[in-house]
Amino acid sequence: MLKTFLNDELPLALVWLIFGLIAGLVYSLEILGLDGSQTLFSPERARSLHISLMLYGFFPLLLSLLPFALFEKEGVLSVNAIAHLRRYFVVWNLFLLFMSMALLFGNMRGLPFYDFPYQLNFLLAFSGLFYLLALIDALRRYEKRPLWVNVSLITVVAAPIVLVILMNPQYGQVEQTLVGPHGDNTLGMSFALLPLYYLLVKLVSKEPFAPRWHILWIVPLSGYIISLYIRNFIHPLTYNEEWFFQYLTLLYLPLLWRWWHDGALKFEYNPYLFFSIIAFVFVDIEGNILFIPQIRELIHRNDLVVGHAHIAMGIAVAFMALTIVHRSLPALMTRTFATLWTTLIALMALSLSVAGMVETGWIHTDAQLFFGGRSLFGFLLILIVFQVLWHRIKPQHITLIEGYHWIGFLSDTGGGLILLLAGGWIFPVMGWHFSGTYEYVIFAFMIGTGIVHWTGLHGDAERLAALSATIRSLVASVFAALYMAGTLDTIAVLVAFYDGVYAMIYWLYVRGRE
């Protein structure tokens with residue numbers, strides 16, 4: 001069941017991933033001198049969108065399926081739970097859409113990682129309701145619930161409340177921790193990954209997995225609780241106190257080694273989890289080195305730190321999610337893809353790290369060369385993700401009506417996206433008037449027409465082709481009338497011509513041929 005669900009939901013999830021990677025690529029090119037000020041991809045918007053889609057898009061959405069992958073393995077996943085998961089994905093995807101549009105149109109809070117409007121957190125929390133219903137459905141099927149199941153239930157119930165509180169602009173913890181090293185926060189964030197690693201090892205292990213060496217997570221957790229008490233009720237943490245709590249993260253490394261061996265895991269069968277753990281180990285060790293005061297004073301907020309973050313999110317967290325996909329769809333998420341992804345992210349992080357060393361004065365060369373390398377490796381990464389998406393959606397055989405839908409989908413959705421993002425630059429270049437208001441609504445409508453064609457590829461092909469042709473005919477007639485009335489310039493002629501001709505192709509040639 002989960003395999004079918006993942007196969008259905010993966011294309012849209014990959015679109016969010018590609019969109020986030022493209023935003024990152026545009027931002028990297030703007031560092032090299034590309035002027036995006038006349039588009040929706042201005043530097044601050046592109047950066048914010050890139051970070052937000054990485055934190056809230058493809059990876060966390062798929063990673064949230066981890067308990068349900070275990071439910072399926074233990075034989076308690078039902079069709080009803082899958083139905084709730086589909087509703088959960090619908091609401092989360094709506095959140096991603098609203099978040100992306102808000103950031104593209106400049107509605108930002110000025111925060112490093114949670115830049116979208118606070119109100120959208122309520123939509124995200126609402127998605128959790130359906131997640132909770134899916135979880136409860138599975139829990140009812142256990143005769144005796146395991147500990148990890150009870151912990152998952154408590155987490156899911158608490159998460160929406162915690163989310164709304166932490167993100168609040170007046171009293172939320174997120175806006176209270178914008179400055180300072182916050183080694184205790186690093187300790188807490190890295191600890192949050194440990195239960196996920198435990199569940200992933202449990203998921204992919206072919207033998208019963210019983211974790212050991214609990215003291216290696218109990219001590220860091222205790223340290224984090226103590227740090228929160230000191231920070232909130234006694235005094236702000238000193239640098240040395242934060243440094244101490246930061247170093248407690250090193251206890252996670254032997255624990256992960258123990259779990260890997262106790263689970264009898266091998267790289268050959270678990271490449272994504274292997275790369276994820278290796279990246280976590282690297283980031284943990286590097287992070288503790290970068291916390292040394294003399295080093296941190298030189299590199300704080302420079303590109304060496306950015307490269308460090310790319311390894312953490314781009315491999316460690318990303319491959320947690322891909323471990324789940326690989327288990328269900330191994331032919332799609334191959335070991336070759338894992339190796340290529342890891343290599344490109346590592347090269348990107350290396351480029352950023354060297355650029356950071358140039359910024360500190362440790363290396364004397366041109367940092368732009370390494371920024372260019374970051375852009376190149378990012379572009380190649382987008383290509384391999386596109387390849388995975390195409391492998392998933394490519395048709396085996398295209399009929400006449402399907403060809404009509406494919407052309408309509410690619411031209412309208414692709415053209416609409418390009419105009420939405422860069423219409424502010426394209427229109428003046430072509431000599432057309434651009435007010436920056438109603439045009440965006442037209443571009444969104446154009447994308448919507450393309451999605452009608454996409455839907456037609458998956459059922460009711462003839463009826464949806466007729467619907468799209470009718471819409472195009474109406475649109476063509478209105479644009480032609482506005483042009484002849486002198487209200488719109490030559491862009492109206494182009495729209496009327498394209499939509500009118502494409503509608504006539506259906507009416508005169510495609511309709512009823514199959």
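Is Phe280 buried or exposed? In this predicted model, Phe280 is buried, with a relative accessible area of 7%. The report below begins with the ring that pairs with this residue and then turns to other contacts.

## The pair Tyr252 and Phe280

Across the whole structure, a search finds 45 aromatic pairs. In one of them, the ring centres of Tyr252 and Phe280 lie 6.4 Å apart and the ring planes meet at 45°.

Tyr252 belongs to helix α11 (residues 252-262), whereas Phe280 belongs to helix α12 (residues 271-290). The pair therefore ties together parts that are 28 residues apart in sequence.

A stacked aromatic pair is formed by Tyr404 and Tyr502, with 4.5 Å from centre to centre and 10° between the planes. This pair links distant parts of the chain, since Tyr404 is found in helix α17 (residues 400-430) and Tyr502 in helix α20 (residues 490-510), 98 residues apart.

Tyr404 has a relative accessible area of 3%, and Tyr502 has one of 7%. Both values are under 20%, the limit for a buried residue, so Tyr404 is buried and Tyr502 is buried as well.

Lys206 is placed over the face of Tyr269, 4.7 Å from the ring centre. Over the ring of Trp213 sits the charged end of Arg258, at 5.2 Å from the centre of that ring.

## The packing of helices α18 and α19

Helix α18 (residues 438-456) packs with helix α19 (residues 461-484) at an angle of about 160°, and their axes are 8 Å apart. Angles over 145 degrees count as roughly antiparallel, which means that α18 is roughly antiparallel to α19. The crossing of α18 past α19 is left-handed.

Which residues make the contact? On the α18 side they are Ile442, Phe445, Thr449, Val452, His453, Thr455 and Gly456. On the α19 side they are Ala461, Leu464, Leu467, Ser468, Ile471, Arg472, Val475 and Phe479.

How values were computed. Residues are numbered from 1 along each chain as its sequence is written. This is a predicted model: local features need pLDDT of at least 70, side-chain atom pairs count only at pLDDT 80 or more; totals for chains, interfaces and linings use all residues. Side-chain values use heavy atoms; hydrogens and water are left out. Rings of Phe, Tyr and Trp (its six-membered ring) pair if their centres lie within 6.5 Å; planes under 30 degrees apart count as stacked, over 60 as edge-to-face and the rest as tilted. Helices (H or I, at least four residues) and strands (E, at least two) are DSSP runs, numbered from the N terminus. Buried means under 20% relative accessible area, exposed over 50%, partly exposed in between (1.4 Å probe, protein chains only). A charge sits over a ring if NZ of Lys or CZ of Arg is within 6 Å of the ring centre and within 35 degrees of the ring normal. Axes are lines fitted to C-alpha atoms, for helices over the stretch in contact, and angles run from 0 to 180 degrees between N-to-C directions. Angles under 35 degrees count as roughly parallel, over 145 as roughly antiparallel, 65 to 115 as roughly perpendicular and the rest as oblique. A crossing is left-handed if the near helix is turned anticlockwise from the far one by less than a right angle, and right-handed if clockwise. Contact means heavy atoms within 4.5 Å.
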